[in-house]
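Let's take a walk through a protein model together. Have a look at the picture first, then read on.

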Amino acid sequence: MIRPELRAQILRWREAIGGLGALLFGAYLAVTSSGLPTLFGLALMVVSTFLIVSGLRHGRFRTGALGPGILRTDEGRIAYMGPITGGVVALDDLIEVTLLRNSDGQATWRLISESAPPLDVPEGAEGADALLDALAPLPGFDGGYMVRAVQARTPGLISVWRRDPLRALT
């Protein structure tokens, strides 16, 4: 019943839409009731504000691009299974994360590790949108910079994160 284009946009911005709905419900409770429901409504408004901000960041990160393979994140590891290549990288072993966009507009994430060969993940691989949350625990990681790298459509190599060599020695 819903057009595919509209459905894709709803799925892209789903966290922000859910947060907006929660914010409106919290505002309704805060305005129309008294006592404990009012406090619940105010708390819901605060929590939903964080959900909206996070949802906007995730929505900007999801590009809708299609690429081969499947990416999974589990307990500090990122695994990519592609039709030709694949591999697993531990977050503790990562030394650099880059985004390479070619002249056709297709992008590939390159995860460089100390103990494994570089792992190349197409931007549109199934589950690639989980990279934003998976890389968040890295020291000095800037999720906003990662989102801006995805939004930049010019061809080239963008270094999204690099481990500080001085911190690695301590």
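Let's begin with a hairpin: β5 and β6 form one, with five residues between them. Before going further, a word on where this comes from: this is a predicted model, where local features need pLDDT of at least 70 and side-chain atom pairs count only at pLDDT 80 or more, while totals for chains, interfaces and linings use all residues. Residues are numbered from 1 along each chain as its sequence is written, and side-chain values use heavy atoms, with hydrogens and water left out.

Strand β5 covers residues 107-113 and strand β6 covers residues 119-122, and they pair in the antiparallel sense over four bridges. Here, two strands pair if DSSP finds at least two bridges between them. Two spots let you find the pairing by eye: Arg110 stands opposite Asp120 in β6, and Thr108 stands opposite Pro122 in β6.

Axes are lines fitted to C-alpha atoms, for helices over the stretch in contact, and angles run from 0 to 180 degrees between N-to-C directions. Contact itself means heavy atoms within 4.5 Å.

**The three-stranded sheet**

There is also an open sheet of three strands, ordered β1-β2-β3 and paired antiparallel. Its edge strands are β1 (70-74) and β3, each pairing on one side only. Neighbouring strands here are turned by 10 degrees against each other on average, direction ignored. β2 and β3 form a hairpin with four residues between them.

| Strand pair | Sense and bridges | A bridge |
|---|---|---|
| β1 and β2 | antiparallel, five bridges | Thr73 with Ile78 in β2 |
| β2 (77-81) and β3 (86-90) | antiparallel, five bridges | Arg77 with Ala90 in β3 |

**Two helices side by side**

Now for the helices. Two packed helices are described by the angle between their axes and the distance between the axes. Helix α2 (residues 14-32) and helix α3 (residues 36-61) pack at an angle of about 160 degrees, with axes 7 Å apart. That makes α2 and α3 roughly antiparallel to each other; the label goes to angles over 145 degrees, while under 35 is roughly parallel, 65 to 115 roughly perpendicular and the rest oblique. The crossing of α2 and α3 is left-handed, meaning that the near helix is turned anticlockwise from the far one by less than a right angle (clockwise would be right-handed). The residues of the contact of α2 with α3 divide into 16 nonpolar, nine polar and one charged. In this count, Ala, Val, Leu, Ile, Met, Phe, Trp, Tyr, Cys and Pro are nonpolar, Asp, Glu, Lys and Arg are charged, and the others, Gly among them, are polar.

Leaving aside neighbours within four places in sequence, Ser48 is in contact with Gly19, Ala22 and Leu23.

Pro165 counts as exposed, at 57% relative accessibility. The C-alpha atoms of Pro165 and Leu119 are separated by 21 Å, and the two residues are 46 residues apart along the chain.

**Zooming out**

The protein chain has six helices and seven strands. From the N terminus on, the elements run α-α-α-β-β-β-β-β-β-α-α-β-α. Of the 170 residues in the chain, 32% are buried. Taken along the principal axes, the C-alpha atoms fill a box of roughly 60 × 50 × 30 Å.

Definitions and conventions
Buried means under 20% relative accessible area, exposed over 50%, partly exposed in between (1.4 Å probe, protein chains only).
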